[in-house]
Amino acid sequence: MNSIIKFINQRILFILLFLAPIAHSADLEIIIDKGIENALPIAIVPFGWSQASALPPIDVSAIISDDLARSARFAPMEEQDMPQRPDDFAQINFKDWQKLGMENLVIGQLNQTETGEYIVDFRLLDVYKGKQIVGFSIPSGKDRLRHTAHEIADIIYEKLIGVRGAFATRIAYITVIKNRDGTKKYTLQIADADGFNPQVLLQSSEPLLSPSWSPDGKKIAYVSFESKNSMVYVQDILTGKRERIASNPGINSAPAWSPDGSRLAMTLSKDGNPEIYVMNLSSKSLQRITTNSAIDTEPAWSHNGSMLAFTSDRGGGPQIYEVPASGGEPKRLTFVGPYNARPRYSPDDKYIAVVNGESNTYRIGVLDRKSGQFDILTETRLDESPSFSPNGHMIIYTTTGFRGTELAATSTDGTVHQRLALEGGEVREPAWGPFMNQ
Amino acid sequence: MNVRSTLIIIFAAILFGCTSTEEKKEVAVEEGAPAGEKTQAYGAGEDTGTGINPLDDPNSPLSVRIIYFEYDSSEIRPQYRKTVEAHAAYLASNPNVIVTLEGHADERGSREYNLALGERRSLSVKNQMALLGASAGQIRTVSYGEERPAAAGSDESAWSQNRRVEILY
């Protein structure tokens with residue numbers, strides 16, 4: 001037990017090596033700065049492997065263990081502390097695990113079929129009852145094994161926490177790398193939620209910003225300066241095909257999808273100053289939502305589709321306002337601190353995450369919409385771009401560390417913090433993608 | 001914070017107002033005193049009639065091509081009044097000349113809000129120039145928000161150089 005707590009409190013460094021076939025893929029590190037002490041103990045025994053003559057292509061149990069550790073809800077036991085390493089039910093000596101106070105045990109096997117495919121068997125067991133809680137045999141392929149491991153972590157999370165896990169999801173983000181000649185290279189990338197398997201969707205010598213996932217996870221809207229002005233594009237992730245959908249004089253930016261995927265809220269200043277508009281994506285017709293001489297920008301769509309939250313400085317400084325998505329009178333929501341911007345609704349619409357600024361400190365804050373309670377979650381100095389995980393348990397955001405801008409994640413109660421850093425470049429504006437339903 | 005920064009501006013103005021531009025570079029600039037103000041020095045403009053394009057004359061007020069702003073503000077401060085007047089007069093007397101006003105913000109806060117702030121700064125300069133006789137059709141505005149900082153770093157000396165409108169002919 002002690003060793004588990006020590007394990008979680010330690011600064012753990014995972015070096016994740018990218019194997020993606022892209023030119024400039026780089027190492028990404030996940031650093032767990034702070035964990036919680038009441039995390040659920042779990043033992044994930046190294047999985048058995050059918051081909052004794054070769055090493056397994058990936059370490060499935062290690063991926064599951066890392067996922068659960070990162071969530072901060074679990075404290076996976078270290079391998080060296082395990083009393084035995086069973087890989088099937090008959091081998092388990094439940095008494096040995098009971099003596100250690102270990103309630104939850106995961107065992108499994110990775111098998112390769114004659115056709116070269118893989119099958120991952122796993123069982124989650126209740127140590128005290130000596131019974132299986134859940135077990136699956138999941139067919140997979142070599143390129144899908146990491147995904148299968150994340151799916152197993154999702155199942156364990158759901159069984160023991162009661163909420164679907166978000167490990168088998170993806171994140172989008174912008175990277176900036178300084179070239180030797182002083183120019184910059186911007187890329188829009190997507191990767192697995194643990195930072196693996198990055199794919200470049202777009203590369204540009206001009207700034208890229210504000211990636212936004214379509215609700216079905218198949219498209220990304222973003223802002224590109226490739227035509228020497230901010231313009232909004234929508235790109236299909238699978239085919240790479242993209243369409244420029246807003247290229248008016250002035251600002252074209254801050255795209256946000258409606259939950260049904262048919263419309264895109266955005267900021268346009270074509271009529272004189274930045275206002276919120278809603279574009280019907282099939283007809284391209286525009287509905288203007290705000291009418292105010294102040295800055296109105298950064299719309300976010302509530303997940304029930306009824307409301308838009310946005311940033312406006314109509315009251316003097318930037319604050320969060322909310323307006324019916326069909327139009328109406330905006331209502332101010334934030335009152336704590338002189339600067340609140342870039343709202344994002346939690347998946348259940350109960351909370352709104354914002355950038356909260358005071359003097360030279362910018363942190364991620366969360367507003368409880370019903371009670372008005374406002375909490376600051378982060379402790380760093382220049383935090384921005386909060387994005388909820390699709391299960392609402394984590395928020396990924398951008399922070400400025402000693403190496404420049406990098407991604408960080410926190411649990412929504414602020415008890416765990418992690419950083420995701422790209423060697424030799426900046427990573428920013430993370431957007432956590434939706435659940436992908438199979 | 002506002003009182004403090006105002007005091008520092010006044011203090012900085014008294015302290016550095018008469019020193020040379022070279023010395024200013026050495027000073028660790030505090031809040032509210034843009035290091036970029038070193039570029040505000042200009043001569044008496046006695047170049048008239050020499051045949052030199054006034055845009056190329058380092059002694060002309062037209063040589064000042066960057067206007068710096070205070071935090072979250074798009075108000076043109078009095079020290080840039082002459083700069084804006086000179087560019088407006090130049091545009092008014094050269095109606096074929098097109099200028100681009102590029103608005104920028106410092107890195108603090110959200111990127112999209114800063115994009116809007118950069119636009120408001122460029123429009124503030126555009127409107128002022130138009131009031132002073134330039135034609136609105138000669139002035140193009142674009143905002144890069146915080147995406148193209150002039151100075152790297154996360155302190156006020158960098159931020160003050162990044163809150164700016166660049167006048168690009």
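Domain bounds here come from an automatic or database domain assignment. I started with chain A, which splits into domain 1 (39-161) and domain 2 (170-432).

Before going on, I noted that this is a predicted model: local features need pLDDT of at least 70, side-chain atom pairs count only at pLDDT 80 or more, and totals for chains, interfaces and linings use all residues. Residues are numbered from 1 along each chain as its sequence is written, and chains are lettered from A and ligands numbered from 1 in the order in which they are written.

**Chain A, between the domains**

I looked up the C-alpha centres of domain 1 and domain 2 of chain A and got 36 Å between them. For contacts (C-beta atoms, placed from the backbone, within 7 Å), seven residues of domain 1 meet eight residues of domain 2. On the domain 1 side, helix 2 (60-71) and helix 4 (145-161) of chain A each give two or more residues; helices are DSSP runs of H or I, at least four residues, and strands are runs of E, at least two, numbered from the N terminus. Helix 2 of chain A has the largest share, four residues.

**Chain B, the sheet**

Next I traced an open sheet of four strands in chain B, order 1-4-2-3, with mixed pairing; strands pair if DSSP finds at least two bridges between them. Strand 1 (66-68) and strand 3 (139-145) of chain B are the edges, each pairing on one side only. I checked strand 1 of chain B against strand 4 (residues 164-168): antiparallel, over three bridges. B:Y68 has B:R164 as its bridge partner in strand 4 of chain B.

Notes
Contact = placed C-beta atoms within 7 Å.
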